[in-house]
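The structure comes first, then the points grouped by topic.

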Amino acid sequence: VKQKISNKRMAFQSFYKTQVVPKLQSEFGYKNIHAVPTVTCVTLNVGLGAGMKEAKYIETAEKTLTRITGQKPVSTKARMSISTFKIREGNVVGMKVTLRGKRMWDFLEKLIKISLPRVRDFRGLSAKSFDGQGNYSIGFREHIAFPEIRADEIELIHGLQVTIATSAKTDEESKSLLTHLGLPLKKEE
């Protein structure tokens with residue numbers, strides 16, 4: 001039974017190694033297999049914003065990230081005080097989780113195959129969300145797109161950001177990697 005579970009977990013990573021790597025090697029002419037870009041980590045962020053003062057909002061964000069990723073989130077704190085936003089140094093302003101290894105590949109598979117198709121009026125992701133260094137960010141307005149979140153248990157709806165960090169040197173390489181993995185990017189106009 002354990003053998004079947006581990007094979008299932010490695011399915012998306014083995015898809016990357018067997019299907020995506022050869023395509024990227026032929027497309028960009030990499031001679032060494034280690035030069036082929038890969039996904040290094042996936043980070044999920046929830047900015048607390050207006051709910052920063054409410055303990056229930058912070059608790060909901062923490063539970064949501066724990067359910068989606070299977071890891072306990074780390075709270076991010078303000079580095080400096082900003083009086084116009086009523087933020088003091090040390091206040092909790094967000095939550096984040098960084099995924100690597102098996103959990104990262106499992107999350108990517110779930111994101112591409114289940115969560116993105118569940119988004120209302122989904123027509124593909126913007127190809128302009130690359131940061132110039134090969135990383136890609138996706139913003140979700142509602143956290144209910146993820147299958148772990150049941151609609152009948154929701155008290156507060158919040159958004160979250162998913163950042164996919166790659167070892168690609170350019171956005172073109174990263175875009176090709178993510179497209180071959182199955183991320184539905186829109187064609188540029």
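In this predicted model, Lys113 has a relative accessible area of 51% and therefore counts as exposed, the cut-off being over 50%. Lys113 is also one partner in a salt bridge, with Glu109 as the other.

**Salt bridge within a helix**

- Between Lys113 and Glu109, the closest N and O atoms are 3.1 Å apart.
- Both residues belong to helix α4, which spans residues 101-115.
- Lys113 and Glu109 are four residues apart, about one turn of the helix.
- An α-helix has 3.6 residues a turn, so residues three or four places apart point the same way.

- The side chains of Glu62 and Lys72 form a salt bridge, with an N to O distance of 3.3 Å.
- This pair links distant parts of the chain, 10 residues apart: Glu62 sits in helix α3 (residues 55-69), and Lys72 in the loop between α3 and β2 (74-77).
- Glu62 has 25% relative accessibility and counts as partly exposed, because this value lies between the cut-offs of 20% and 50%.
- Lys72, at 63% relative accessibility, counts as exposed because the value is over 50%.

**Helix α5**

- Helix α5 covers residues 171-181.
- Its buried residues are Glu173, Ser174, Ser176, Leu177, Leu178 and Leu181.
- Which elements do the buried residues of α5 pack against? The helices are α2 (11-28) and α4, and the strands are β1 (39-47), β4 (136-140) and β5 (160-166).
- Gly182 follows α5 and has a positive phi, near 115°.

**Strand β5 and its partners**

- Six of the seven residues of β5 are buried, so the strand is largely enclosed by the rest of the structure.
- β5 pairs with β1 in the antiparallel sense, over six bridges.
- Cys41 stands opposite Ala165 of β5.
- β5 also runs antiparallel to β4, and five bridges join these two strands.
- Opposite Leu160 of β5 stands Phe140.
- β1, β4 and β5 are also among the elements that the buried residues of α5 pack against.

Technical notes. Residues are numbered from 1 along each chain as its sequence is written. This is a predicted model: local features need pLDDT of at least 70, side-chain atom pairs count only at pLDDT 80 or more; totals for chains, interfaces and linings use all residues. Side-chain values use heavy atoms; hydrogens and water are left out. A salt bridge is a side-chain nitrogen of Lys or Arg within 4 Å of a carboxyl oxygen of Asp or Glu. Buried means under 20% relative accessible area, exposed over 50%, partly exposed in between (1.4 Å probe, protein chains only). Contact means heavy atoms within 4.5 Å. Two strands pair if DSSP finds at least two bridges between them.
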